Amino acid sequence: LYGLSWGGNFVERWKQGPIQANEVRETAEALEQEGGRKYAEEIAQRETDAALDCLKQAALRGPAADALLELANTLLKRAQ
């Protein structure tokens with residue numbers, strides 16, 4: 001949806017119909033050049049921060065709480 005809102009190369013290709021397997025890389029690169037990855041990373045950071053704030057407010061303690069915090073941070077920092 002982010003890419004469709006900009007009217008750049010990504011949306012122009014999208015309007016032409018289904019993206020074929022041999023076009024995926026080029027189409028993904030167009031979306032990235034138009035800021036798609038940066039936008040997704042910003043949203044992921046914001047949502048992770050919100051989730052961590054909720055966990056903090058819940059004042060959970062112990063191994064389960066530690067595991068949830070570790071999981072949230074790991075998912076945000078996973079390799080791209």
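In which helix do Glu-42 and Lys-38 both lie, and how many residues apart are they? Both lie in helix H3, four residues apart, which is about one turn of the helix; helices here are DSSP runs of H or I with at least four residues, numbered from the N terminus. The model is a predicted one, in which local features need pLDDT of at least 70 and side-chain atom pairs count only at pLDDT 80 or more, while totals for chains, interfaces and linings use all residues. Residues are numbered from 1 along each chain as its sequence is written, and side-chain values use heavy atoms, with hydrogens and water left out.

The pLDDT, the predictor's confidence in each residue on a scale from 0 to 100, averages 86 over the protein chain, and 95% of the residues score at least 70.

Helix H3 covers residues 36-58, and its 23 residues reach 33 Å from the first C-alpha to the last, close to the 33 Å expected when 1.5 Å is multiplied by one less than the number of residues. Its buried residues (under 20% relative accessible area, with exposed meaning over 50% and partly exposed in between, for a 1.4 Å probe and protein chains only) are Gly-36, Thr-48 and Leu-52. After the helix comes Ala-59, whose phi is positive, near 55°.

The structure holds five salt bridges, each defined as a side-chain nitrogen of Lys or Arg within 4 Å of a carboxyl oxygen of Asp or Glu. One of them joins the opening pair, Glu-42 and Lys-38, at 3.9 Å from N to O; Glu-42 is partly exposed at 45% relative accessible area, whereas Lys-38 is exposed at 57%. An α-helix has 3.6 residues a turn, so residues three or four places apart point the same way.

Another salt bridge, of 2.8 Å, joins Glu-23 and Arg-13; because Glu-23 lies in the loop between H1 and H2 and Arg-13 in helix H1, the pair ties together parts ten residues apart in sequence. Here Arg-13 is buried, at 14% relative accessible area, while Glu-23 is partly exposed, at 22%.

Notes
Helix = DSSP H or I, 4+ residues; strand = E, 2+ residues; numbered from the N terminus.
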